[in-house]
Amino acid sequence: MLRLDRVSKRFGGLLALEDVSFRISEGAITGIIGPNGAGKTTLFNIITGLYDISDGDVFLSDARITGLPAEKLAVKGIVRTFQNLELFGNMTVLENVMAGLHTRSRCGMVACALKLPWQIAEERRIREEALQWLDFVGLSDDARLKASELPFGKGRLLEIARAMALKPKLLLMDEPAAGLNSRETLELAGLIRRIRESGITVVLVEHDMELVMDICEQIVVMNLGRKLAEGTPREIQENPEVIAAYLGEG
Amino acid sequence: MAEGRMRGSAAPNNLYFPLTLTLSLREREFSRQYHLKRELLKFAIFTILVLLLPLAAKEGYILNVLVFVGIHSILAIALNLLLGYAGQISLGHAGFFGLGAYISGVLTATHGQNPWLAMCYAAGAVGILAFVIGFPILKLKGHYLAMATLGLGIIIYILFNETVDLTGGPSGLSGIPNLTLGTLTFDNDLKNYYLVWTFTLVAILLAVNLANSRIGRALRAIHDSETAARLMGINARFLKVQVFALSALLCSVAGSLYAHVMTFVAPASFGFNFSVELVTMVIIGGLGSIYGSVLGAAILTLLPELLRAFQDYDIIIYGLILILMTMFLPGGLVSMAPVFMSLLRGRRKQPGGAHAEA
């Protein structure tokens with residue numbers, strides 16, 4: 001599915017990522033864990049095209065995608081959510097998801113300004129599909145609220161609905177459980193499983209170890225910009241290096 | 001920090017409760033049709049108002065001012081698409097307005113071209129020019145974009161002044177013919193009123209359609225978070241350039257109308273002051289509100305007429321209005337509309353959904 005080949009990222013003199021290679025298998029839920037500053041978010045920013053890559057290559061289904069801009073990668077099926085929420089705050093909840101359907105609709109400026117018949121039909125289709133995605137995450141009743149009025153937990157669900165609207169192949173979630181209470185986290189775990197069941201490969205960066213060990217089939221452990229270990233949750237839990245890194249930090 | 005967020009977040013209720021789902025579905029369907037109908041009703045009422053206004057304004061002078069309200073409305077709407085929706089500042093829009101006016105003026109007065117064709121040529125040329133300039137210039141953000149567009153406006157202004165052979169320089173270009181339609185010549189205020197406001201109404205309709213569409217959503221998405229917009233597959237850079245070109249094109253059409261209504265153009269009308277005035281119109285009316293732009297244009301066109309004594313200090317007054325508005329009413333005058341309506345009806349309006357209404 002996604003393959004990183006000796007990926008490095010330098011910020012000036014600082015080496016944020018060094019020779020990171022791993023493979024994310026299709027249809028699985030993969031967790032990326034590691035102490036703060038391990039390079040997890042940098043990794044996400046590289047995969048989604050927000051950062052330029054310093055060295056190495058990224059492949060999506062064997063096609064080289066190194067250096068493609070974020071908007072092209074989104075079209076190719078790599079979509080993400082954010083730790084601190086990046087919602088379109090001045091738009092309604094429904095419009096946020098409708099904006100997520102941008103790549104899957106095509107009416108341009110002229111068709112929109114003139115409200116041509118096919119634009120009206122497309123708009124209806126976008127709206128209906130967006131409503132379905134709101135149903136999927138359970139936000140139907142908030143459709144007409146402004147996104148900035150949503151409480152944090154619901155905002156996270158909205159980000160997921162918006163991301164799902166793109167029909168991603170690969171969904172990257174940056175600390176999806178951060179800021180959620182235990183009940184919300186439990187519901188989130190169920191939601192992530194349902195996303196995987198719909199055929200989407202999920203990668204999450206997460207600090208909540210209970211959640212990671214519960215839902216992930218594969219885990220990549222990062223430390224100080226390098227890959228420390230890779231394996232199933234059981235293998236990771238028993239890996240002495242991982243234990244040392246966490247205890248050493250902790 | 002995490003705790004702070006947690007406290008603020010309520011657990012999602014009714015996650016998969018079928019009854020609330022069906023109820024809300026019906027409710028939503030209702031509100032969608034309601035929204036479309038209300039948009040149409042707004043436009044219909046506004047059109048009737050525009051058609052009837054000359055009956056009230058019998059005096060030629062007021063009608064003349066209303067012609068300029070129409071032209072300024074087109075400009076404010078054009079700038080609002082860029083500033084209010086896409087969130088990109090331009091302090092050089094008077095330049096595009098001027099280019100439209102001068103291209104129309106020179107083509108018709110000097111070269112005897114058909115005014116309607118000249119208007120199309122001007123719009124096409126200005127649109128393409130803005131498109132080409134847009135690519136490098138819209139890479140800039142915030143203050144840098146403001147400076148770059150400011151520079152662009154100044155360059156265009158200097159060109160009007162210095163290319164004396166073409167534009168007549170500071171003394172202006174005269175002898176521009178009126179627009180004609182068959183045997184009808186738009187040569188008095190009443191005719192010009194209906195001519196200009198036809199264009200204004202079309203501009204309103206197009207802008208409202210655009211604002212409530214896929215493109216409008218993408219523009220607002222860029223405004224709120226360009227990073228998130230890009231990650232949603234929205235080609236932010238290209239879309240910004242597109243809307244910049246569209247905005248300039250609309251300004252050019254307004255410029256052409258201006259030239260044919262005035263039959264005379266001079267560089268002074270297209271300077272930096274006027275660019276600031278345009279930004280003021282948009283902000284007074286309300287960023288991201290099309291009718292607000294018309295309101296802003298009306299206020300800033302009528303105000304100098306009412307405050308003749310301040311004529312020379314108008315830029316100071318605009319500056320003051322800008323400061324006060326951004327401090328105390330950042331949503332513009334239209335953000336007062338719900339308050340006003342509720343006072344009128346004597347009940348409170350439900351919150352939410354205000355931004356989407358253009």
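H4(B) and H6(B) are roughly parallel to each other. Keep in mind that this is a predicted model, then let's work through it.

**Exercise 1.** At what angle do the axes of helix H4 (residues 93-110) of chain B and helix H6 (residues 142-162) of chain B cross, and which residues make the contact?

*Solution.* 
- Step 1: Start with the axes. The axes of H4(B) and H6(B) come within 8 Å and cross at roughly 30°.
- Step 2: Compare with the cut-off. Angles under 35 degrees count as roughly parallel, so H4(B) and H6(B) get that label.
- Step 3: H4(B) and H6(B) cross in the left-handed sense.
- Step 4: Find the residues. H4(B) brings B:Ala94, B:Gly95, B:Gly98, B:Leu99 and B:Tyr102, while H6(B) brings B:Leu152, B:Gly153, B:Ile156, B:Tyr157 and B:Phe160.
- Step 5: Sort them by class. You get seven nonpolar residues, three polar and no charged.

**Exercise 2.** Are H9(B) and H11(B) roughly parallel or roughly perpendicular to each other?

*Solution.* 
- Step 1: Get the geometry. Helix H9 (residues 214-224) of chain B packs against helix H11 (residues 236-262) of chain B at about 115°, and their axes are 10 Å apart.
- Step 2: Apply the range. Angles of 65 to 115 degrees count as roughly perpendicular, so that is the word for H9(B) and H11(B).
- Step 3: Check the handedness. The crossing of H9(B) and H11(B) is left-handed.
- Step 4: Look at who touches whom. B:Ala218, B:Leu219 and B:Ile222 of H9(B) meet B:Ala236, B:Leu239, B:Lys240 and B:Val243 of H11(B).
- Step 5: Classify. The contact of H9(B) with H11(B) has six nonpolar residues, no polar ones and one charged.

**Exercise 3.** In what order do the four strands of the open antiparallel sheet in chain A lie, and which strands stand at the edges?

*Solution.* 
- Step 1: Pair S1 with S2. Strand S1 (residues 2-11) and strand S2 (residues 14-24) of chain A run antiparallel and share seven bridges.
- Step 2: Pair S1 with S4. S1(A) also pairs with strand S4 (residues 55-60) of chain A, again in the antiparallel sense, over five bridges.
- Step 3: A:Leu4 has A:Phe22 in S2(A) as a bridge partner, and A:Leu4 stands opposite A:Val58 in S4(A).
- Step 4: S4(A) and S5(A) are antiparallel and joined by two bridges, with A:Phe59 opposite A:Arg64 in S5(A).
- Step 5: The order is S2-S1-S4-S5 in chain A. S2 and strand S5 (63-64) of chain A are the edges: each has a single partner strand, so one side of each is left without a neighbour in the sheet.
- Step 6: See what lies across it. Helix H1 (residues 40-47) of chain A lies across S1, S2 and S4 of chain A, at about 70° to S2(A).

**Exercise 4.** Which strands stand at the edges of the six-strand open sheet in chain A?

*Solution.* 
- Step 1: Read the order, S6-S7-S8-S3-S9-S10 in chain A, with mixed pairing.
- Step 2: Pick the ends. Strand S6 (78-81) and strand S10 (226-231) of chain A each have a single partner strand, so one side of each lacks a neighbour in the sheet.
- Step 3: Zoom in on one pair. S7(A) and strand S8 (residues 201-205) of chain A run parallel with five bridges, and A:Leu172 stands opposite A:Val203 in S8(A).
- Step 4: Helix H6 (residues 152-164) of chain A lies across S6 and S7 of chain A, at about 170° to S6(A). H7(A) lies across strand S3 (29-33), S7 and S8 of chain A, at about 145° to S8(A).

**Exercise 5.** Is A:Glu175 buried or exposed, and where is A:Glu175 found?

*Solution.* 
- Step 1: Recall the background. Most residues other than glycine have a negative phi.
- Step 2: Look at the angle. A:Glu175 isn't a glycine, yet its phi is positive, about 45°.
- Step 3: Locate the residue. A:Glu175 sits in the loop between strand S7 (170-174) and helix H7 (182-197) of chain A.
- Step 4: Count neighbours. A:Glu175 has 21 other C-beta atoms within 10 Å, so A:Glu175 is buried.
- Step 5: A:Lys115 has a positive phi of about 50° and isn't a glycine either. A:Lys115 lies in the loop between helix H4 (109-114) and helix H5 (117-137) of chain A, and with 17 C-beta neighbours inside 10 Å it counts as partly exposed.

Definitions and conventions:
Residues numbered from 1 in each chain as written. Chains lettered and ligands numbered in written order. Predicted model: local features only at pLDDT ≥ 70, side-chain atom pairs only at ≥ 80, totals over all residues. Pairing = 2+ DSSP bridges. Contact = placed C-beta atoms within 7 Å. Axes fitted to C-alpha atoms, helices over the stretch in contact; angles between N-to-C directions. Parallel < 35°, antiparallel > 145°, perpendicular 65-115°, else oblique. Left-handed = near helix turned anticlockwise from the far one by under 90°. Nonpolar A, V, L, I, M, F, W, Y, C, P; charged D, E, K, R; others polar. Buried ≥ 20, exposed ≤ 12 C-beta atoms within 10 Å, placed from the backbone.
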